Amino acid sequence: MKINLAKQKYLYITLIFAILPRIILCFFINTLVYYPSDEVATVSGAALLAGYNWSQVVSTAGYYGQGFYSLFAPLYKLTDNPFVIFKISIIVCSIIQGMTALMSYHCLTRYLKLKNPSLICAISVAASYLLDTRSTNLLNETPLMLMCWIILAILFHLNEAAMLSKSTRKYTIYLILALAYSITLHTRAVILCVALLITVLFYYWTYRKWLVSPSIMIGLGTLGAVLGSIGIALMQSRLWGASGGTIRNASININLDMLLNLLKPYSWQAAANIVLGLINTSVLLSFGFMMIAIVVFIKLIGDCLARKHSVTADFDCHASYYVTGSIFFMTCTAIMIIGLAIKWLPGASQGIQDGLGSNNYGFRSFVYYRYFAVFLSPLLMLVLSYMHQYNIKHYFKAATITLILSQTYWMVCIVPYLYTFHDFEVKKFFTLSLFCFNKVNIWIFMIASMVLFVSWFVFWYLYSKNKYLLSICILSLLLIINYAVFVIQNDYQKQDTNYNLVNAGYDFVKTYEDTVNFPSTIYVPEDNKLPYLYQYFLIRYTIIPSYPSVDCEQAIVLWHTQEDPTLLSMGYVWLQLDKNEYLYVKGNELISALDAKGFHFQE
């Protein structure tokens, strides 16, 4: 009983460090802080199920799966207060992200057989904070990250069953169901299915055993793909089909023209910058441990291809867990990076042709690792556990040389295009540098590289002196600090910026909607962030991101343009709500009702 209580104590400590800092940071966030179009599209399924029509706005955004945030529909039914909804949503996201530490704890104890509870706690906390999407962002990476951990646990159980020659049918069903649900979170989750197929074939090549039940995988997988496609198509038609055009992000679209771009010499540097830039960004943000994972697991995978881990009388059965986990998530990461390099190549190539200092938007592709960051958290856990159970000191030289080469390429070929690129997406990836600078400049990258090399040699020194637990505790602390600093430096500021764009219009509508008969639709003639922000705050209304039609007899327009000639020509009167928001109104009944409230319109 005492042993169980001791284990529970460390489990509780793990959850406290994984969840509590996130929730504390959420107390100071009240509204959207990321791209409003992405977040509004992500939560729009909940609004739809609650009976609200956001289709006009959402149809202009990309497709974002609805498998998780649609579960918040009862919350949208209970209240239309955007601040309450947002606060509850990000607290739930904090718990979901923290639960990845629980999954890590389970995998380390149940399958990887780590015995030191302090080390298990430190590894699990560190793994839960290696991510791009903070819990303050209403994005699908949060549930997708948890699903990656659930899939890893199922793969570990299947590996255990396969090694013991037990039936894998039941857990193959669980695996297919987990993959099917993941696809409802985002189209990118299809990569998990491709990676599973490669992992199963690789596993059979290595061990001459089936990791899954092939018949169930093919039969149930096909059925799930058909039913899932039908369900996703119905949701897309309801929310994203209003515009009648092509739905962005609805499918993974890589065509022949994109592939042919790779044959053009001027695109080669751009392709290399995307691939190596994304890899190096993950190395920087993991304080070097992703480089160790790359070196160690490529060697492990290479040995498997050479059949050095085949089942013999004295083979290392325990290593099969690392083989299964590493091949799955390394494949996911490789597919995503290669796909992004092909997809983003035209923009990045154009930026390089424009030259240094061009501030081309395509440069963002060199560091934008959000899409594959969900795969890095399990990889970090795997490599940290591997370093504890297997002596990898002999990898130090190869890993250090690889790190130096990658950093040299980074500073010589990539950073010259980035240090004048004033996009917060660049700044967000080098958060510790924000202690010194709050804008993009060369020192952000210099400090990031210096932090990387200092941490690299400190970690290896502690590892060589058998002080591994201390090194992982330091890593956990650095990742928590990195997470918190960006929330404080960026998200707190962004929420004020976003709210100030629409606060006067929101206050106006909410103040007078009970006494003035407002139309159910409100026009916002812009295709940038304003329609999305107004839609999120004015939950019960349908925001239309365009000018009203000429024959519209009664309408309200919220706009950031004073004396808009298009609206004035259609007979609208206007007034200024605050320094940046203007109200335009048409319709005698509506104007009279507002005149009675003390508003004085200009023509």
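Me: Which cut-off makes a residue count as buried in this predicted model?

Reply: Buried means under 20% relative accessible area. Glu-160, at 17% relative accessibility, therefore counts as buried.

Me: What is the partner of Glu-160 in a salt bridge, and how far apart are the closest N and O atoms?

Reply: The general idea is a side-chain nitrogen of Lys or Arg within 4 Å of a carboxyl oxygen of Asp or Glu. Here the partner is Arg-110, with the closest N and O atoms 2.8 Å apart. Arg-110 belongs to helix 5 (residues 82–110) and Glu-160 to helix 7 (residues 141–163), so the pair links distant parts of the chain, 50 residues apart. Arg-110 has a relative accessible area of 29% and is partly exposed.

Me: How many salt bridges does this rule give?

Reply: The count comes to 10 salt bridges. Among them is the one between Asp-38 and Arg-370, at 3.4 Å from N to O. Because Asp-38 lies in helix 2 (residues 36–49) and Arg-370 in the loop between helix 14 (319–354) and helix 15 (373–389), the pair ties together parts that are 332 residues apart in sequence. Asp-38 is buried at 9% relative accessibility, and Arg-370 is buried at 2%.

Me: Which residues are linked with Asp-38 and Arg-370 in a network of salt bridges?

Reply: Glu-141 and Arg-188 are linked with them in that network.

Me: Where does the salt bridge partner of Arg-134 lie?

Reply: Arg-134 pairs with Asp-491, the closest N and O atoms being 3.1 Å apart. Asp-491 lies in helix 19 (residues 468–512) and Arg-134 in the loop between helix 6 (117–129) and helix 7, so the pair ties together parts 357 residues apart in sequence. Arg-134 counts as buried at 4% relative accessibility, as does Asp-491 at 0%.

Notes:
Residues numbered from 1 in each chain as written. Predicted model: local features only at pLDDT ≥ 70, side-chain atom pairs only at ≥ 80, totals over all residues. Heavy atoms only, no water. Helix = DSSP H or I, 4+ residues; strand = E, 2+ residues; numbered from the N terminus. Buried < 20%, exposed > 50% of the residue type's maximum accessible area, 1.4 Å probe, protein only.
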